[in-house]
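Try each task before you read its solution.

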Amino acid sequence: MNAPGGVWMRRMIASLLVVLFSAASLNFVALAADTLTVTGAGATFPYPIYSKWFNEYHKLHPEIQINYQSIGSGGGIRQVLEGTVDFGATDGPMTDEQLQQAKTKILHFPTVLGADVPTYNIPGVTQELNFTPEALAGIFLGKITKWSDPELKKANPNVNLPDKNIIVVHRSDGSGTTYVWVDYLAKVSPEWKTKVGVNTSVNWPVGLGGKGNEGVAGLVKQTPNSLGYVELVYAVQNKMAYGRVRNSAGAFVKADLASVTAAASGAAKQMPADFRVSITNAAGKDAYPISSFTWLLVPSKITDPAKKKAIKDFLQWMLADGQNMVEALSYARLPKEVVAMEQKALAQVQ
Amino acid sequence: MQKFARRLKQGDEVAYLITFIFAASIIVITALLVYELYTGSALTRERFGLRFLTSSTWDPVALDFGALPFVYGTVVTSILALLIGVPLGVGAAIFLSELAPPRISDGLAFLIELLAAVPSVIYGLLAIFTLVPLMREYIMPFLESTLGFIPLFQGPAYGVGMLTAGVILAIMILPFLISISREVLLAVPREQREAALALGATRWEMAWHVAVPYARAGIFGSIFLALARALGETMAVTMVIGNDPKINASLFAPSYSIAAVIANEFSEATGNLYISALIELGLVLFGITIIVNAIARLLILATTGGRTH
């Protein structure tokens with residue numbers, strides 16, 4: 001009596017388990033059919049426009065949900081290399097060394113443009129100051145120490161600059177903003193290139209560090225005779241005054257959406273096929289020299305066909321309709337030439 | 001075995017087991033933490049060795065890393081915080097427990113505990129908007145004109161720097177100092193106080209010569225907790241310390257702390273060596289905490305001769 005009873009019990013349990021499992025998997029399939037979740041992580045600078053894009057795209061295509069975590073460019077690069085996210089995002093292009101670590105080739109897709117602007121606080125000076133590349137490099141290297149330095153006076157003949165020490169303010173946290181700023185300094189100053197170099201954090205020769213754009217802006221606002229740099233978006237949204245910078249054509253240009261896009265079209269002619277290009281100190285008389293792309297990092301081989309389609313469709317949409325949303329959030333849009341190149345490059349995602 | 005069964009029935013053994021697991025989990029967590037920090041920093045430990053502790057270069061571009069300026073900034077700001085905070089905190093606790101009327105004491109104690117719950121970013125903002133201008137316009141120039149012959153109080157007054165970070169840390173550790181010290185002072189037995197008063201002591205003499213020595217161990221405990229908070233505080237410090245990894249004799253000069261640089265640079269750090277250097281900084285901070293605590297405990301042992309009361 002005992003043995004058959006045991007068998008019966010075991011059968012009972014087995015069939016119950018089968019039913020449970022199949023129900024669970026059915027449920028899972030049903031969920032998966034409802035929404036496809038694509039995950040991304042990386043740069044903080046474009047986060048406002050990315051979250052708007054992903055939100056709008058979800059409204060248009062309810063079956064696709066793109067989750068993006070703005071954990072910083074470094075984290076974005078790390079996670080896309082490890083394959084823990086479907087795509088990454090970065091403010092500074094990946095280095096050759098990083099690309100070699102990748103199991104599948106990683107492609108860069110520029111999305112929008114940003115810029116850094118010099119902001120300052122000099123009691124008694126209300127005019128917009130002009131900065132030459134030599135002046136900015138000299139100040140951040142600690143060689144130009146006073147506002148009354150001839151290099152600054154020459155560019156601002158009508159401004160009464162005080163004989164006071166310049167207090168330099170830079171970002172203390174690693175950031176794409178810093179990357180763009182020092183990338184520019186390295187291009188215009190050989191000394192900066194050899195002594196300091198380019199990265200998201202550097203060994204600053206002089207200055208105080210503020211955390212985030214708000215930290216730098218706060219220190220500049222509070223410290224008389226200070227000079228710092230913030231993102232254009234941040235300066236515009238907070239109605240901060242900022243200076244003009246002389247570009248490679250010799251014109252002093254104020255950063256705005258048009259002059260930043262102009263820098264990108266100036267660079268479009270020499271755009272490398274992988275889009276990893278620095279557009280600081282770009283050619284063109286209207287170009288603002290401290291501008292940069294920000295990129296999405298997409299693996300060239302995506303095994304899940306549904307995800308591959310979702311990512312490609314999104315990129316296609318971002319290059320077309322998506323671009324019309326960027327200026328409302330103070331980002332500069334991609335120039336037409338770059339959009340055309342990217343549309344071609346989309347074929348590389350397989 | 002029977003004994004065990006009986007104890008099990010009474011629930012003793014169960015309680016023993018459960019509480020043992022809770023206590024052991026703390027050791028396990030600490031061990032895991034150290035293990036993670038140790039293995040995560042293998043790259044820099046191999047590459048730089050002890051030079052990591054003695055070098056004062058922090059160059060993420062050239063990948064040359066040294067911890068000394070961060071160690072210096074962390075230790076100096078914490079010492080400043082204790083120098084300012086301990087007399088204030090213990091003094092306030094003595095007033096609240098011994099001299100103030102109970103109703104005022106309870107009311108103030110409640111407010112102080114509220115202060116402990118304020119997020120550190122709020123202290124940081126307060127410091128930026130009120131303390132920093134105050135330091136730059138008044139306190140630093142005053143210190144320079146009166147004590148300027150000492151190198152500690154020389155140099156340009158930016159407003160941000162080690163002194164400002166020390167002051168904001170002192171304010172942040174005050175709630176811990178006051179509320180714990182007050183509790184232990186209140187726990188001093190009534191007989192002790194009555195005996196002192198019966199011998200003709202004034203209330204202050206009773207507080208200072210009887211209550212405070214009796215509560216000494218607990219007061220030291222509050223100082224440890226305060227010190228631990230000061231060493232590890234991140235957000236408020238990074239907002240006012242100036243974030244410049246250089247060693248400077250002047251307290252007015254900007255500096256940097258270990259916790260601040262990890263918070264600032266970790267999210268954007270690329271490259272294994274860079275990340276390893278930041279993790280090793282965490283290991284160094286852990287080491288500092290242990291060393292500082294050990295020194296403090298030795299000091300207590302020396303002053304009390306091993307007695308706890």
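**Exercise 1. Chain B as a whole**

Task: Find what share of the 309 residues of chain B counts as buried. Then describe the chain's make-up and extent.

Solution. This is a predicted model. Step 1: of the 309 residues of chain B, 39% count as buried. Step 2: list the secondary structure. Chain B has 14 helices and two strands. Step 3: take the extent. The C-alpha trace of chain B spans about 65 × 65 × 35 Å along its principal axes. Step 4: look at the contacts in chain B with a separation of 6 or more. Residues 24 or more positions apart make up 77% of them.

**Exercise 2. Two helices in chain B**

Task: Describe how helices H5 and H8 of chain B pack.

Solution. Step 1: locate them. H5(B) covers residues 68-99, and H8(B) covers residues 162-186. The crossing of H5(B) and H8(B) is right-handed. Step 4: sort the residues of this contact by class. There are 23 nonpolar, eight polar and two charged residues.

**Exercise 3. A strand in chain A**

Solution. Step 1: count. Step 2: conclude. Step 3: take one partner. S11(A), residues 291-299, pairs with S4(A) in the antiparallel sense over nine bridges. In this pairing A:Pro110 stands opposite A:Trp295. Step 4: take another partner. S8(A), residues 226-231, pairs with S4(A) over six bridges, again antiparallel. Here A:Tyr229 is the bridge partner of A:Pro118.

**Exercise 4. Where the chains meet**

Task: How many residues of chain A are in contact with chain B, and which elements supply them?

Solution. Step 1: count both sides. 29 residues of chain A contact 24 residues of chain B. Step 2: name the elements of chain A. Helix H3 (73-82), strand S7 (208-210) and helix H9 (212-222) each supply at least two residues. H3(A) gives the largest share, five residues. Step 4: sort by class. This side of chain A has seven nonpolar, 19 polar and three charged residues.

**Exercise 5. Confidence**

Task: Find the mean pLDDT of chain A, then a stretch below 50.

Solution. Step 1: the mean is 88, and 91% of the residues of chain A reach 70 or more. Step 2: over residues 1-5 of chain A the pLDDT is below 50. Beyond near neighbours in sequence, this stretch has zero contacts in the model.

Notes: Residues are numbered from 1 along each chain as its sequence is written. Chains are lettered from A and ligands numbered from 1 in the order in which they are written. This is a predicted model: local features need pLDDT of at least 70, side-chain atom pairs count only at pLDDT 80 or more; totals for chains, interfaces and linings use all residues. Two strands pair if DSSP finds at least two bridges between them. Helices (H or I, at least four residues) and strands (E, at least two) are DSSP runs, numbered from the N terminus. pLDDT is the predictor's confidence in each residue, from 0 to 100. Two residues are in contact if their C-beta atoms, placed from the backbone, lie within 7 Å. Ala, Val, Leu, Ile, Met, Phe, Trp, Tyr, Cys and Pro count as nonpolar, Asp, Glu, Lys and Arg as charged, and the others, Gly among them, as polar. Axes are lines fitted to C-alpha atoms, for helices over the stretch in contact, and angles run from 0 to 180 degrees between N-to-C directions. A crossing is left-handed if the near helix is turned anticlockwise from the far one by less than a right angle, and right-handed if clockwise. A residue is buried if 20 or more other C-beta atoms lie within 10 Å of its own, exposed if 12 or fewer, and partly exposed in between; C-beta atoms are placed from the backbone.
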